[in-house]
Amino acid sequence: MSGPLLTVENLTKHYPLDAGFLTKPSSVVRAVEAVSFSVNAGETLCIVGESGCGKSTVARLLMRLVDPTGGRVLIDGTDIAGLRKHELRAWRRRMQMVFQDPYSSLNPRLTAGQIITEPVENFERLTRKQHNALAADLLQKVGMAPEMMHRLPSELSGGQRQRLGIARALALKPALVILDEAVSALDVSVQAQILNLLLDLQQQMGIAFVFISHDLGVVEHIGHRVAVMYLGRIVELAPCEALFAKPVHPYTEALIAAAPVPDPTRVRLEAPVEGEVPSPINPPTGCAFHPRCPLAIERCRVEVPPLVQIAHGRAAACHVRAPASDVVAQTINASLRERLASFAPNEETKA
Ligand code: SF4
């Protein structure tokens, strides 16, 4: 099938707050604000940002674990954001999720074999022979011995539990797996094993990943493209190599500068920006990054910068580094515009 596997258009999630001592009755948490991107089959799109930037809410919205306030989530062209529960069931086969905490996301009373086959048995009845064959096959795929199917999660190490979570996600042969901080709780050596396992599985099975992480080292290792989020919005979207070689948005620059550099030959960028991420209940006007941005100009305080394309496959939202009237943005050819439309919010780009 042509076109992206996953297309997200203007996805928005607001959580209304009850009136309290410090909150007005009309207060809302703007967790995700007009987020747009696409993911192709067999591709890894990483979503990065500090805690509270909305990246995990995006993961939950993609899986319809929470309902969006607005926007669309298209899988193979079908908007799952608008489907009813019983209609959604069939689409769950196409998308699976792996959570951060392998222990709490696994049923402690089920054996590894039961955990792996449970998603399949939600759709079809398996004989004992089929059950064992499926469990053994998936355990082998994620580098575990088939005999481990009889163990409980409490009898497995942290890395084995996360492998088990991945095996469960693969049971329905999904086209897309969403990994929400899937390696953050693991030791560095186990992290590397799991990342290499994911890369191997992607090559063998052509699965697309949406990989959510705050760890830029991990993202650089696994990503094809990266979306950087700040306070609910995507502020930069670029191929992984280009983003790390030359970040455009001041916030991306700051994130990369703040990340530990294991390579002594790599030159560190300037010192990271200071200050806390503002509250999504009362975000700053204009560009939400302006209170922390060393490049802020007057326009930044009043006008939200649109996400505009600045080069082939790259987009950024910054009045200074990626002005909407940028020559590149104006002269970009029509076919490229169409290609980029899947991740650049049209309404804002036209603004
Ligand atoms: Fe900084 Fe202004 Fe760009 Fe926002 S729009 S990142 S405040 S320069």
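## Model and confidence

Where pLDDT is low, the predicted coordinates should not be read in detail. Over the protein chain the mean pLDDT is 86, and 86% of the residues reach 70 or more.

This is a predicted model: local features need pLDDT of at least 70, side-chain atom pairs count only at pLDDT 80 or more, and totals for chains, interfaces and linings use all residues. Residues are numbered from 1 along each chain as its sequence is written, and side-chain values use heavy atoms, with hydrogens and water left out.

Helices (H or I, at least four residues) and strands (E, at least two) are DSSP runs, numbered from the N terminus. Two strands pair if DSSP finds at least two bridges between them.

Strand S1 (residues 6-16) pairs with strand S2 (residues 28-39) over eight bridges, in the antiparallel sense. Within that pair, His14 stands opposite Arg30 of S2. S1 also pairs with strand S4 (residues 70-75), antiparallel over five bridges. There, Thr12 has Gly70 of S4 as its bridge partner.

S4 and S5 are joined by two bridges, again antiparallel. Ile75 faces Thr78 of S5 across this pairing. Axes are lines fitted to C-alpha atoms, for helices over the stretch in contact, and angles run from 0 to 180 degrees between N-to-C directions.

## The eight-stranded sheet

A second open sheet has eight strands in the order S6-S7-S8-S3-S9-S10-S12-S11. Its pairing is mixed. The edge strands are S6 (95-98) and S11 (308-311), and each pairs on one side only. Neighbouring strands are turned by 25 degrees against each other on average, direction ignored.

Three bridges join S11 to strand S12 (residues 314-316), and the two run antiparallel. Gln309 stands opposite Ala315 of S12. Helix H6 packs on this sheet, touching strand S3 (44-48), strand S7 (176-180) and strand S8 (208-213). H6 makes about 160 degrees with the direction of S8. Helix H9 (residues 250-258) lies across strand S9 (225-230) and strand S10 (233-239), at about 105 degrees to S9.

## Helix H3 and its partners

Helix H3 (residues 112-121) packs against helix H4 (residues 128-141) at an angle of about 110 degrees, with the axes 9 Å apart. That makes H3 roughly perpendicular to H4. Angles under 35 degrees count as roughly parallel, over 145 as roughly antiparallel, 65 to 115 as roughly perpendicular and the rest as oblique. The crossing is right-handed; a crossing is left-handed if the near helix is turned anticlockwise from the far one by less than a right angle, and right-handed if clockwise.

On the H3 side, Gly113, Gln114, Ile116, Thr117, Val120 and Glu121 meet His131, Leu134, Ala135, Leu138 and Leu139 of H4. By class, the contact has six nonpolar, four polar and one charged residues. Ala, Val, Leu, Ile, Met, Phe, Trp, Tyr, Cys and Pro count as nonpolar, Asp, Glu, Lys and Arg as charged, and the others, Gly among them, as polar.

The axes of H3 and H5 come within 7 Å and cross at roughly 30 degrees. H3 and H5 are therefore roughly parallel. Their crossing is right-handed. Ala112, Ile115, Ile116 and Pro119 of H3 make the contact with Leu164, Ala167 and Arg168 of H5. Six of these residues are nonpolar, none is polar and one is charged.

## Helices H5 and H6

Helix H5 (residues 158-170) and helix H6 (residues 188-205) have axes that come within 10 Å and cross at roughly 20 degrees. That makes H5 roughly parallel to H6. H5 passes H6 in a right-handed crossing. From H5, the contact takes Gly159, Gln162, Arg163, Ile166 and Leu170. From H6 come Val190, Gln193, Ile194, Leu197, Leu198, Leu201 and Met205. The contact holds eight nonpolar, three polar and one charged residues.

Terms used: Contact means heavy atoms within 4.5 Å. pLDDT is the predictor's confidence in each residue, from 0 to 100.
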